[in-house]
Amino acid sequence: MNALIPSFENSGATGDLPVILLTGASGYVGGRLLPELLKQPIRVRCLARDSVRLRSRIPENVELVQGDVLDAASLTAALAGVDTAYYLVHLMSGSESKNFEQQDRQAAENFAKAASAAGVHRIIYLGGLGDDSDPKLSPHLRSRHEVGQILRESGVETIEFRASLVIGAGSLSFDLVQSLTDRLPVMLCPKWLTTPTQPIAVDDVLAYLLAAKELPAGKSRIVEIGGEDVVTYEDLIHEYAAQKGLRRWLISVPVLTPWLSSLWLALVTPSSFEVGRHLIEGLKNPTVVRDPLAKTLFPIKPMGVAESMRIALLPREPTATSENQPHPQHAAG
Ligand SMILES: NC(=O)c1ccc[n+]([C@@H]2O[C@H](COP(=O)([O-])OP(=O)(O)OC[C@H]3O[C@@H](n4cnc5c(N)ncnc54)[C@H](OP(=O)(O)O)[C@@H]3O)[C@@H](O)[C@H]2O)c1
């Protein structure tokens, strides 16, 4: 099949049910959202760059459209007749990572335009926390916010969730915590390990993403989401070590720059240097919920770090797209 020619597979036989488009179904969050969507009375359609690869990993009743958010023409068929579209695409992985900001901008503009033209009712996007007014906001977080802004300005109602580190088996940012703690009994710790963050369990992220689909029609919003606890990355390492029965020593060295940190990270974790660098740059920015809107909009009570980690460390259950997970290059945050 030509990768640039969109094509439907397995459509039909589902009558008037609302069509939900899921992008990023091969990724960490999208791969976990898909089985939850499939429990609902809806038609689920996935957009994939490699539909052959995804087809072998998802149930037969899921519609599949070959497409690429960087190829505007491929989005027309993907968005035709769609009621709600999940935008869970992240180009900060693989070969695109060097100029991810420009690529993510282009992708969001393509998607926004196509969704508006198709008359989509709502876009649900998961981006990253962080303070827009912080002049030192990392390029990665700034780019995540820019994507949200482009989608909100599309004219299609957009619910932009902003989250910090997602705790769950296979989430790259959580994998980084695990790899570092598993491999290094003594860690020289850069200053960013004391940055406050508010991690959230992947199950809670999924609950918000699903609940957003049910909101009454309204205006576009930014919804900051986080777990019960505000912690530091150092606290996360200690909590993980405690749950795994490991003894770990962290020694502060304020001179470890983000560049050196990412070099160090690339040596001890599965993350590539480029992806690690972008992630580490973001770790110096506090990623804490400041706006309580999520509590008003949704009856969801997110769990704390200890419980999120306990669940993440349980033996893995296969997900609809889990055959090749975790994707070693997929970036988090
Ligand atoms: N994971 C976390 O800890 C975390 C935390 C906070 C926020 N988030 C946000 O959640 C969203 C999803 O993150 P994730 O961790 O699930 O990302 P991920 O695992 O890296 O997955 C990214 C997805 O984007 C798809 N994609 C990449 N380039 C594409 C393109 N040109 N056209 C179409 N699809 C493309 C990938 O498909 P291919 O298989 O084709 O590569 C993959 O399915 C992101 O916006 C991220 O900022 C994640």
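This is a predicted model: local features need pLDDT of at least 70, side-chain atom pairs count only at pLDDT 80 or more; totals for chains, interfaces and linings use all residues.
Residues are numbered from 1 along each chain as its sequence is written, and side-chain values use heavy atoms, with hydrogens and water left out.

Let's start with strand β7, residues 157-163. Helices (H or I, at least four residues) and strands (E, at least two) are DSSP runs, numbered from the N terminus. Seven of the seven residues in β7 are buried, where buried means under 20% relative accessible area, exposed over 50%, and partly exposed in between (1.4 Å probe, protein chains only). In a regular strand, side chains alternate between the two faces of the sheet. Here Glu157, Ile159, Phe161 and Ala163 sit on one side, with Thr158, Glu160 and Arg162 on the other, and both faces are covered.

What about the neighbours? Strands count as paired if DSSP finds at least two bridges between them. Strand β6 (residues 122-128) runs parallel to β7, joined by seven bridges, and the chain gets from β6 to β7 through helix α5 (residues 139-152) in a right-handed β-α-β crossover. Right-handed means that, with the strands pointing away from the viewer, the path from the first strand over the helix to the second runs clockwise. Strand β12 (residues 221-224) is parallel to β7 too, with four bridges; Phe161 has Val223 as its bridge partner there.

Now for the charges. A salt bridge is a side-chain nitrogen of Lys or Arg within 4 Å of a carboxyl oxygen of Asp or Glu, and the count comes to 13. Glu160 is buried because its relative accessible area is 0%, and Arg162 counts as buried at 2%.

Another pair is Arg45 and Glu63, with the closest N and O atoms 2.8 Å apart. This one links strand β3 (residues 43-48) to strand β4 (residues 63-66), 18 residues apart. Arg45 is buried at 3% relative accessibility, and so is Glu63 at 2%.

Finally, the surface: Val186, Leu188, Trp249 and Ile251 form a nonpolar patch with about 390 Å² of accessible area together. Patches are made of residues with over 30% relative accessible area and no salt bridge, like charges being joined within 9 Å and nonpolar side chains (Val, Leu, Ile, Met, Phe, Trp, Tyr) within 5 Å. Accessible areas come from the Shrake-Rupley method with a 1.4 Å probe, and for residues only the protein chains shown count as cover. Strands β9 (186-189) and β14 (249-252) each supply at least two of the patch residues.
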